[in-house]
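Thanks for coming. I will talk through one structure, starting at the surface and then going through strand pairing, salt bridges and backbone angles.

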Amino acid sequence: MRLLLALALVAATSVGPGCIRNSARRGIEPTWMELDPATFEVGETTRADVLDTVGVPSQVLALEEGTALYYLLERSRADGLILLLYNQRVESSYFDRAIFFFDGAGVLTEFSVSEGAGAR
Amino acid sequence: MIRGLLLPMAAALSAACSVVELRIDRDLDLTLCESFTEGEASLGDVLASLGPPVEFGSRGGEIALLYESVRLKESQLGLSLGAVVRPDAGDYFKFSYGSSGTRRKAVLFLFREDHVLETVDTLQFEEPFGRSGSIQVIVTVDEVVGMGGLRATPDAFVDARELLNSIQWSQNSAHGALVELRGARNRMGQHAMDPSWDEADPN
């Protein structure tokens with residue numbers, strides 16, 4: 001009986017349950033989320049204004065006439081539960097994005113920014 | 001009595017199951033996506049309603065926006081046969097079984113040169129991604145079902161490294177030139193001449 005108790009004690013202390021949590025961020029710091037969307041005005045704001053305000057983009061796309069600037073931040077988070085017989089891990093990746101379209105003269109034609117942390 | 005308990009305890013401790021879930025982007029509301037009228041809605045309307053897209057591309061003045069959400073679930077069962085047969089045999093034999101499935105939603109918008117919506121199409125499906133079993137004679141921990149394609153790095157994070165890739169890969173994946181679902185197979189369509197993922201994708 002003592003051996004059984006000893007085994008149970010060892011099992012409880014050395015191979016007991018555990019949990020995992022980690023998070024990571026990758027990409028451009030989302031300064032656009034701190035700005036009022038009214039900062040950007042279609043037909044008025046220029047490409048230089050956006051670059052000055054938001055910074056260097058993740059991606060620049062050359063359009064037939066004009067350009068697009070694309071900003072991206074990935075937030076990933078993983079939560080794990082380790083029980084001896086059952087283990088679970090949930091990993092989520094959410095993105096904060098901003099996109100700006102400019103005409104050939106470099107003037108803003110359309111734009112969209114994600115709102116709130118991890119918004120689409 | 002103690003010996004009688006040891007065997008069931010060893011059997012119980014030698015088996016375990018794991019569930020791994022992967023969620024990429026927030027769940028997509030397809031009814032909202034289908035509410036846009038072709039020939040009327042503008043690029044600005046879609047952006048204002050759905051936010052920035054997951055991927056976008058441009059060809060000859062036309063613009064494509066892709067929105068996508070992915071849910072993937074993988075289940076694994078492991079059993080150390082050696083410990084069940086003989087508690088002192090250790091983990092010389094291990095049986096593993098795993099399966100995974102996906103639930104995916106995607107919407108593709110195509111806009112004309114004047115940024116008016118030409119067409120919108122939605123995709124929603126659930127599919128078993130694969131299942132696999134193995135018996136190992138040594139103890140290893142590995143992914144049972146390959147999910148590398150779905151975990152690919154967004155194009156926006158692939159910058160100058162593309163210059164080091166083979167010319168076919170660089171031409172096809174160059175910024176914004178190609179809009180495709182996560183995990184799309186290579187060696188088909190625009191990727192017909194690509195080397196395999198393992199050979200060419202540095203991510």
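Start with the nonpolar patch on the surface, formed by Leu81(A), Leu83(A), Leu84(A), Leu85(A) and Tyr86(A), with about 410 Å² of accessible area together. A patch here takes residues with over 30% relative accessible area and no salt bridge, joining like charges within 9 Å and nonpolar side chains (Val, Leu, Ile, Met, Phe, Trp, Tyr) within 5 Å. The areas are Shrake-Rupley values with a 1.4 Å probe, and for residues only the protein chains shown count as cover. Tyr86(A) belongs to strand 4 of chain A. Its relative accessible area is 32%, so Tyr86(A) is partly exposed; the classes are buried under 20%, exposed over 50% and partly exposed in between, with a 1.4 Å probe and protein chains only.

Before going on, the conventions. This is a predicted model, where local features need pLDDT of at least 70 and side-chain atom pairs count only at pLDDT 80 or more, while totals for chains, interfaces and linings use all residues. Residues are numbered from 1 along each chain as its sequence is written, chains are lettered from A and ligands numbered from 1 in the order in which they are written, and side-chain values use heavy atoms, with hydrogens and water left out.

The surface also has a patch of negative charge, made up of Glu64(A), Glu65(A), Glu34(B), Glu38(B), Glu62(B), Glu113(B), Glu118(B) and Asp121(B). One member, Glu113(B), sits in the loop between strand 4 and strand 5 of chain B. Glu113(B) counts as exposed because its relative accessibility is 59%.

Next, strand pairing in chain A. Helices (H or I, at least four residues) and strands (E, at least two) are DSSP runs, numbered from the N terminus, and two strands pair if DSSP finds at least two bridges between them. Which strands does strand 3 of chain A pair with? Strand 1 (residues 18-27) runs antiparallel to strand 3 (residues 66-82), with 10 bridges, and Ile20(A) has Gly80(A) as its bridge partner. Strand 2 (residues 59-63) is also antiparallel to strand 3, over 5 bridges. These two form a hairpin with 2 residues between them, and Ala62(A) stands opposite Thr67(A).

Now the salt bridges, meaning a side-chain nitrogen of Lys or Arg within 4 Å of a carboxyl oxygen of Asp or Glu. How many are there over all chains? The search of the whole structure finds 11. One of them links Arg21(A) and Asp79(A) at 2.8 Å, N to O. Arg21(A) is in strand 1 of chain A and Asp79(A) in strand 3 of chain A, so this pair ties together parts 58 residues apart in sequence. Arg21(A) is exposed at 61% relative accessibility, while Asp79(A) is partly exposed at 27%. Both belong to a salt-bridge network that includes Arg77(A).

Glu74(A) and Arg26(A) also meet in a salt bridge, 2.8 Å from N to O. Here Glu74(A) lies in strand 3 of chain A and Arg26(A) in strand 1 of chain A, so the parts tied together are 48 residues apart in sequence. Glu74(A) is buried at 10%, and Arg26(A) is partly exposed at 38%.

A further bridge, between Arg97(A) and Asp25(B), has its closest N and O atoms 2.7 Å apart. It joins two chains, because Arg97(A) is in strand 4 of chain A and Asp25(B) in the loop between strand 1 and helix 2 of chain B. Arg97(A) is buried at 2% relative accessibility, and Asp25(B) is buried at 2%.

Last, backbone angles. Most residues other than glycine have a negative phi. Asp25(B) has a positive phi, near 70°. His115(B) has a positive phi as well, near 65°; this residue is in the loop between strand 4 (94-111) and strand 5 (117-136) of chain B and is buried at 16%.

As for chain B as a whole, it has 6 helices and 5 strands, and 41% of its 203 residues count as buried.

How values were computed:
Lys, Arg positive; Asp, Glu negative; His and termini not counted. Charge placed at Lys NZ, Arg CZ, Asp CG, Glu CD.
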